[in-house]
Structure formats: structure tokens, C-alpha cells
Amino acid sequence: MNETLRVRAEIDLAALRANVRALRARAPRAAFMAVVKADAYGHGMLPCARAALDAGATWIGTATPQEALALRAAGIGLDEARVLCWLWTPGGPWREAIEADVEVSVSGLWALREAVDAAREARRTARVQLKADTGLGRGGCQPADWPELVEESLKAEAEGALRVTGIWSHYACADEPGHPSIAAQSTAFAQAVAYAEDAGLRPEVRHIANSPATLTLPDAHYDLVRPGIAMYGISPGPEIGAPEDFGLRPVMTLVASLALVKHVPEGHGVSYGHHYATPADTTLGLVPVGYGDGLPRHASGRAPVLVGGKIRTAAGRIAMDQFVVDLAGDEPAAGDEAVLFGPGDRGEPTAEDWAQAAGTIAYEIVTRIGSRVPRVYVNE
């Protein structure tokens, strides 16, 4: 490992593969879609996609068509993985996706028609999945509009312009056990699938299970599960359990090298706004990472860091490129490690700890780590 790096995000691909196997064991009759949107939640899309495929995933999920096309361009072919992308806007690269054997999701007639037009231009049969809005209120077709979407899809299938390969939806509150919306959405999804199948559609896969549903709702597994954050070893929410409760291990460890250690007197202000002043003569350590690297400034004064075997707290404001910890008189050397978060088994904080400090969710902590932080892959 290159200890001279200012900061690095170590990505443990063995942990990712083990997480995929653990999740597959929870849904043994369902195919597994590895969701790698947003650069695999900050972990690196291509290495994580390949590791997930090695561990038995047969589908890959992306948000944008650009992400899906990048996977195909990198050599992940149809024989290796089915790829679905779902976040389309008018005028998107429909033809390129269809020609790359990417499955495209449609939530309304405008999208269906653009997909059909692109399929005609390409003289290819588009692989289309219909998304139903069962109650999340984001993407997806409302129940009132579902019959028309199904009818137009059937006509396009008869023409040979498309094949409806899937019907799917997404839970709003699966990370809140017992929330009444879970049962309501499950019922709405079953009704949407039944309507489409009664009308004559024959989807290969029906899917609604995200990470929390994969972990806690076996009746929602259908033909395919779509774990996202859980694949990276992070619990979808503290309410449903910690990663270790499900046999999962966090994949990312964020490590920096101390840039400076110095003695300062009592009452010394620290960082912008002097929101922290030293309570006694002490030593300060400079951690050369900041919100320009993706750390949440909201965690100022609260974010935990492991330095010299002890948990320290960000003293004062997190700045763009750096923040300070009060070392309470300890004297580690410049270049020693500051572990911001990781699996936690060395006593270091976790991404969930940073999320609590910032008043957010662990998804955001790992996903926002920026491109200025090199990813170092271990156990490839």
C-alpha cells in the first residue's frame, strides 16, 4: 500500500464478493442485480461490477444510460450480464442503448414512444421494462395510466419493435419495518403485474426488492432482487440492523496521512469561525481531507477519526481541503494514519458514525467521496 498518499479510499473487493454471496443466500430463488449507479456508490463502477459478477450476479443496474453504456464499452457483454438503466429524459441515447443490448425502463408513454422510434431506426427489438409507481411517487407509471402503457406496449410487441422483459417498482419505506406503505405497495405491485399479464405481456422478471426488502421481505423477492447499498456492506438503515447482523462487511475504508502535528496553547482558536478553542495546552493534528473531497461540512465538530489508536473528533469547521483534530497532548508523527471510516473492526469509525455526525445517511457518506480521492483496490 502506498503510504505517501494524502488520502485513499481502500476498496475491499473480497468483502464485496462475500456481501453478494450473503445477499444471494437470502434470496436463493431470485436472480441478483448488482446496482452500481453513481460510480458504485462511490466505490468504482467497473471493478465493483466485475467483482459482483464473479460472485454470481447476472444483472447490473444503473441509473443513467451513460453508466450502462460505459459498462458495455468496458467489455461487459450481454453474455456476461443483463444491464438495466432507468433514469431517462427526453432525447436520451435510446438507440445507442438498444444497440448495446441495454434494457431500458419506461414509466410513461413519451418514453415508450421514444424507445419504439429508436428501435425502428436501429432495426432492432428493444428490451423494455415497464416501471409501475406503486406509491413511491418518483418514477413509474401511475395506476390510472397503467392500462394505456400496457396496451401500447402490447402493440409495439406485436410489431416487433420491443419486448417487455420486465415489470418493476421500488419501495418507499422498506427500511422502516412495519411501515403501512410496504403492504400497500406490495399489493399495488401484484395488481400491476397481474393486469399486465392478463392483458398478454409475459415479462421474464418481476422485481421490487431493493436492499432492505432483500434483507427483510422474502415475499417481495419475486424473480430478481436489486441490492444497492447492502452490496457495499452498509445497512440500509439502523432500524433494520447493523451490517454484521446480515453477514455484511463495509467495503470502503477512508484513510488519510496526517499532514502536520503541532503544539498550541490553551485558548487557541481552530479553523474557520473559531467554533472550537483548545481547552488546555494541547497538540493538534491536521487531516488533509475536506469537503472538496466529499466530506460533509455538516459533520464539523462531531465527525470521529481514529488517530494513534484513539477516536478523535473534528475540532471546529471541516474546510474544503482539511480539518483538525485535537490530539490531547499525544504526538503521532506527520504521515501517520488517520482512519476516517471503515468496517470498524480495528476500532475505527464507520460510515454510519459519520452519517450520524452529519445528520444524514451512510449512503451519502460513501457516495459523495469525490474523484480527488484515489480508489485503491485490494483483494482483487
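This is a predicted model: local features need pLDDT of at least 70, side-chain atom pairs count only at pLDDT 80 or more; totals for chains, interfaces and linings use all residues.
Trainee: Which residues does the UniProt "active site" annotation cover?

Mentor: K37 and Y272, according to an unreviewed UniProt entry. UniProt positions are given in the numbering used here, feature names are shortened, and annotations may be inferred rather than shown by experiment.

Trainee: How far are they spread in space?

Mentor: Up to 34.9 Å between C-alpha atoms.

Trainee: Which of them is in the lining of the largest pocket?

Mentor: The lining includes K37. A pocket here is an open set of points on a 1 Å grid over the protein atoms alone, where a 1.4 Å probe fits, with protein on both sides within 12 Å along at least five of seven lines; lining residues have an atom within 4 Å of a point.

Trainee: Where does K37 sit, and what does K37 touch?

Mentor: K37 is in helix α2, residues 37–41. Helices are DSSP runs of H or I with at least four residues, strands are runs of E with at least two, and both are numbered from the N terminus. Not counting residues up to four places away in sequence, K37 touches G61, T62, A63, E67 and W86. Contact means heavy atoms within 4.5 Å.

Trainee: Why does K37 count as partly exposed?

Mentor: Because its relative accessibility is 29%. Buried means under 20% relative accessible area, exposed means over 50%, and partly exposed is in between, with a 1.4 Å probe and protein chains only.

Trainee: And Y272, buried or exposed?

Mentor: Exposed, at 60% relative accessible area. Y272 lies in the loop between β12 (269–270) and β13 (276–277). Leaving aside neighbours within four places in sequence, Y272 contacts R317 and A319.

Trainee: What else is in contact with R317?

Mentor: R297 is. Beyond four places in sequence, R297 contacts Y291, R317 and I318. R297 sits in the loop between β14 (282–287) and β15 (304–307). With a relative accessible area of 41%, R297 is partly exposed.

Trainee: Switching topic. Which residues does the "binding site" annotation cover?

Mentor: R138 and M320, again from an unreviewed UniProt entry. They span 183 residues in sequence, and the farthest two C-alpha atoms are 32.9 Å apart, so they do not all gather at one spot. The lining of the largest pocket includes R138.

Trainee: Where is R138, and what is R138 in contact with?

Mentor: R138 is in the loop between β6 (126–131) and α7. Leaving aside neighbours within four places in sequence, the contacts are D133 and H170. R138 is exposed, at 59% relative accessible area.

Trainee: What about M320, where is that?

Mentor: M320 is in the loop between β16 (310–313) and β17 (323–326). M320 counts as partly exposed at 43% relative accessibility. Setting aside neighbours within four places in sequence, M320 contacts G290, Y291, G292, D293 and R372.

Trainee: Now helices. At what angle do α7 and α8 pack?

Mentor: About 35 degrees, with axes 10 Å apart. Helix α7 covers residues 146–159 and helix α8 covers 180–199. Axes are lines fitted to C-alpha atoms, for helices over the stretch in contact, and angles run from 0 to 180 degrees between N-to-C directions.

Trainee: Which residues make the contact?

Mentor: From α7, W146, P147, V150 and L154. From α8, A192, Y195, A196 and A199. By class that is 8 nonpolar, no polar and no charged residues. Ala, Val, Leu, Ile, Met, Phe, Trp, Tyr, Cys and Pro count as nonpolar, Asp, Glu, Lys and Arg as charged, and the others, Gly among them, as polar.

Trainee: Last one. Is V164 buried or exposed?

Mentor: Buried, with a relative accessible area of 0%. V164 is in strand β7, residues 162–168. Among the residues V164 touches are V128, L130, S153 and L201. The C-alpha atoms of V164 and L201 are separated by 7.0 Å, though the two are 37 residues apart along the chain.

Methods: Residues are numbered from 1 along each chain as its sequence is written. Side-chain values use heavy atoms; hydrogens and water are left out.
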